[in-house]
Amino acid sequence: MKKVLVFASGNGSNFQAIVEYFKNKDAQKGGDKRVVFELLVDKENCYACTRAENLGIKYHYVPFNETENFLKNADYSLYVLAGYMRILPAAVLNYGTFINIHPSLLPKYKGKNAIEQAYNEREKECGVSVHYVNEEVDSGEIIEQQAIEILPDISLEELEKMVHGVEHKIYPRVIEKVLFGG
Ligand code: GRF
């Protein structure tokens, strides 16, 4: 059994997609990919906490400057950043393997508003990247990427919806790969 800590600061739709993916795996007969999730938030009462309650997942409110202290006594197999709006220092990253998801084809459009930037630049494609985390924003080694065509008449809202849909599919699969290989 693996124990995974998901970090979020806000909405938590990726967190929910990840938990539901593994719940379904678990329900499959003979499933040997049991993963127990917990959530860490740096924003008290953010919507990810409500999702955790609904999903029956334990969550921890940990102010950013207490993160290292929290991890000192932890025993997680993997740390998954999903909309966690902070840059973690080396002292925290040293506690294990951290991965992140970003809504662009990295190294393009690091940081905030990546989808909007690609859209406004009239790019022909944007995408989703899952990468290991280092001390710089959206800069660690890329694990997997998926490109998404930006159709000429699509609105920004439609594109954002499409990108998030791809995130919800790709992130659980990459987590499974990182945890169990294959
Ligand atoms: C996602 O677009 C993710 O790629 C980025 O932050 C957003 C989080 O969305 N890092 P949610 O909180 O999972 O709904």
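This report covers a helix pair, the nonpolar cores and one loop glycine in a predicted model.

## Helices α1 and α6

Helix α1 spans residues 13–27, and helix α6 spans residues 156–180. Their axes come within 9 Å and cross at roughly 60°. The two helices are therefore oblique to each other. Their crossing is right-handed.

On the α1 side, the contact uses S13, N14, A17, I18, Y21, F22 and K25. On the α6 side, it uses E167, H168, Y171, P172, R173, I175, E176 and F180. By class, this contact has eight nonpolar, three polar and four charged residues.

## Nonpolar cores

The largest nonpolar core holds 41 residues. Within this core, F37, V80, Y171 and I175 touch the most other members. Helix α6 gives the most to the core, with nine residues. In soluble globular proteins, nonpolar side chains tend to be buried together.

V80 has contacts with V4, L5, V6, F7, I18, I99, Y171 and I175, leaving aside residues up to four places away in sequence. Of these, I18 belongs to the α1 side of the helix contact, and Y171 and I175 belong to the α6 side.

A second, separate core has 14 residues. Among them are V62, Y79, V92 and F98.

## G140 in the β6–β7 loop

G140 sits in the loop between β6 (125–132) and β7 (142–149). G140 is buried, with a relative accessible area of 9%. G140 touches H131, Y132 and N134, not counting residues up to four places away in sequence.

R34 is 106 residues from G140 in sequence. In space, the two are 27 Å apart, C-alpha to C-alpha.

Technical notes: Residues are numbered from 1 along each chain as its sequence is written. This is a predicted model: local features need pLDDT of at least 70, side-chain atom pairs count only at pLDDT 80 or more; totals for chains, interfaces and linings use all residues. Side-chain values use heavy atoms; hydrogens and water are left out. Axes are lines fitted to C-alpha atoms, for helices over the stretch in contact, and angles run from 0 to 180 degrees between N-to-C directions. Helices (H or I, at least four residues) and strands (E, at least two) are DSSP runs, numbered from the N terminus. Angles under 35 degrees count as roughly parallel, over 145 as roughly antiparallel, 65 to 115 as roughly perpendicular and the rest as oblique. A crossing is left-handed if the near helix is turned anticlockwise from the far one by less than a right angle, and right-handed if clockwise. Contact means heavy atoms within 4.5 Å. Ala, Val, Leu, Ile, Met, Phe, Trp, Tyr, Cys and Pro count as nonpolar, Asp, Glu, Lys and Arg as charged, and the others, Gly among them, as polar. A nonpolar core is a set of buried Ala, Val, Leu, Ile, Met, Phe, Trp, Tyr and Cys residues joined through side-chain atoms within 4.5 Å. Buried means under 20% relative accessible area, exposed over 50%, partly exposed in between (1.4 Å probe, protein chains only).
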